[in-house]
Amino acid sequence: MQAIVIAGNVVLCVRLQTSYRKSTSQSQLKERGPVEHARAQDRATLHKPVRGAQPRRVVVIGAGAAGLMAAIFAASAGAKTLLLERTKDGGRKILISGGGRCNILPAQLDESRFVTDSSPNTLRNIVRSWPLPAQVAFFEQDLGLKLVEEPESAKLFPASQRARDVRDQLLALARRRGAEFWPNTLVTNITFLNGSWQVERDGAPRLEADAVIMATGGLSVPQTGSDGWGLRMVEQLGHTMHSTYAALTPVLTEPAPFAALSGVSLQVRLIAEDGPRKATATGGFLFTHGGYSGPAVLDISHVLVRSRTSGDASAGLLVQWTNLDEEAWQAALGPDGTRTVGAVVRQALPARLADALVTSAGLNPACQLAQLRREERLRLVKTLVRGELPWTGDEGYKKAEVTGGGVSLAEIDPQTMESRRHPGLFLCGEILDAFGPIGGYNFLWAWATGRAAGLGAARTA
Ligand SMILES: Cc1cc2nc3c(=O)[nH]c(=O)nc-3n(C[C@H](O)[C@H](O)[C@H](O)COP(=O)(O)OP(=O)(O)OC[C@H]3O[C@@H](n4cnc5c(N)ncnc54)[C@H](O)[C@@H]3O)c2cc1C
């Protein structure tokens, strides 16, 4: 719940946060059906693995968030599971996530905030296959990792605040459930030959598998191991790709009119719009040397990136600098008294930013309210409520937290994550055409698709 208190010209925004435990149990009540179903399925998987004459051989490529989860569930369901990873340890994005604390999940989920060029219905069905409370229960009960909420951001973190614990415990659970982990193993090709999948490795004999799970990630932050090989491989196999683009990345502007404000941060509302493509975000905003960053900027950045890479970079970026709307600012800047314009705006904004905005509206911060002309007031109000932020570029994949676009969800069975083009091939995580905002949404997607792929690969005949 949000309460907005207007004291003079100052707006305080207070978020009245109920505790996570309370909100979870409320949503658990609402979602008892699917949550109970998912938990029962997890328990049944563990205690009654699917058995045949020979266990299915499942190779998981990539030990990131999605691959680790896929290996846990494939092994739990009785498959002979091999987890291959090119780096020496795996899970490197988990290690750097959430500033080293790993924002493992959101505390509340708004499915409409996921972005895809595929069917939003398919995306929702996949997300609902492992509801948020069931995921929380998995981490707390099965993995033994207590989660705590950061109330101001509605994000869940491990109580230890250590991302390493998340990575290490997922890997340990995968091993306990029977998966083998082979680090330093670069996969170079996969083919289907004589009824089984052939997995080719760099400098080592090929492996044979009944099912292959591609959990190789996207293109963002390539030094973590995900360089887009999986995307290229799956495209070669004939899958339809939605164009990929950097998402959740800082925005640049050249020249940088606000460079002197570098380091100033505040809460804002942003709207990025490029024809029919639009994104809005309310949250943290940070001035950097070359532009803007912070959660609100990252959340709308994909609209600007796509406008630059596929068009003429003409997307508009509008900012509302405070919670005050047009009417409230009109009243606050009314033509009475000897107070200065700068003093009024400084009550609602950091002083350096307030002066910069008044100046950018063509006014002198020392101008008294009584002397302000009507058109000047209107210009300043527009700057404060619907200010145009200049932008010219972005930090791209180097800093992007995720990759937008990827394998079309239309070619994946949403129950099992099996390719509709190649039986026995399963896909999960960032390689798929979906991403969510800052706040644990992208791990939620990786965990849900990884689990579904693991169960699917172990069970699908
Ligand atoms: C700086 C940063 C911070 C983030 N913070 C958060 C956060 O707090 N919360 C959140 O929800 N999301 C966060 N994310 C996003 C999140 O990390 C990703 O969405 C998630 O890791 C994707 O998981 P994945 O398993 O699909 O891919 P990845 O994590 O990229 O894993 C892919 C794995 O496959 C391996 N691989 C690739 N190709 C091969 C090959 N040919 N052979 C063998 N192995 C291969 C790679 O080495 C890698 O280990 C963050 C991302 C970044 C970059």
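Q: Why is Gly-439 called buried?
A: A residue is buried if 20 or more other C-beta atoms lie within 10 Å of its own, exposed if 12 or fewer, and partly exposed in between, with the C-beta atoms placed from the backbone. Gly-439 has 25 other C-beta atoms within 10 Å, and therefore counts as buried. Gly-439 sits in the loop between strand E22 (425-427) and H15, where helices (H or I, at least four residues) and strands (E, at least two) are DSSP runs numbered from the N terminus.

Q: What kind of model is this, and how are its residues numbered?
A: This is a predicted model, in which local features need pLDDT of at least 70 and side-chain atom pairs count only at pLDDT 80 or more, while totals for chains, interfaces and linings use all residues. Residues are numbered from 1 along each chain as its sequence is written.

Q: Which residues does Gly-439 touch, not counting residues up to four places away in sequence?
A: With that exclusion, Gly-439 touches Asn-103, Pro-106, Ser-153, Ala-154 and Lys-155; two residues are in contact if their C-beta atoms, placed from the backbone, lie within 7 Å. The C-alpha atoms of Gly-439 and Leu-109 are separated by 9.5 Å, although these residues are 330 residues apart along the chain.

Q: Why remark on the phi of Gln-161 and of Met-417?
A: Most residues other than glycine have a negative phi, and most peptide bonds are trans. Gln-161, which is not a glycine, has a positive phi of about 60°, and the phi of Met-417, also a residue other than glycine, is positive and near 65°.

Q: How do you know which peptide bond joins Glu-254 and Pro-255?
A: Omega is about 0° for the bond between Glu-254 and Pro-255, and that bond is cis. Pro-255 belongs to the loop between strand E14 (251-252) and strand E15 (265-274).

Q: How do you know that the span of H3 agrees with its number of residues?
A: The expected span of a helix is 1.5 Å times one less than its number of residues. The 12 residues of H3 should therefore span 16 Å, and its end C-alpha atoms are 17 Å apart, which agrees. Helix H13 (residues 374-386), with 13 residues, reaches 17 Å from its first C-alpha to its last, close to the 18 Å expected.

Q: Why is H3 described as mostly covered?
A: In H3, 12 of its 12 residues are buried, among them Leu-68, Ile-72 and Phe-73. The residue Gly-78, whose phi is positive and near 95°, follows H3.

Q: How is the packing of H3 with H15 described?
A: Two packed helices are described by the angle between their axes and the distance between the axes. Helix H3 (residues 65-76) and helix H15 (residues 441-459) pack at an angle of about 35° with their axes 7 Å apart; axes are lines fitted to C-alpha atoms, for helices over the stretch in contact, and angles run from 0 to 180 degrees between N-to-C directions. H3 passes H15 in a right-handed crossing, a crossing being right-handed if the near helix is turned clockwise from the far one by less than a right angle, and left-handed if anticlockwise. By class, their contact has 15 nonpolar, four polar and one charged residues, where Ala, Val, Leu, Ile, Met, Phe, Trp, Tyr, Cys and Pro count as nonpolar, Asp, Glu, Lys and Arg as charged, and the others, Gly among them, as polar.

Q: Which helix supplies the largest share of the shell around the ligand?
A: H15 does, with four residues, and the residues of the shell divide into 16 nonpolar, 18 polar and six charged.
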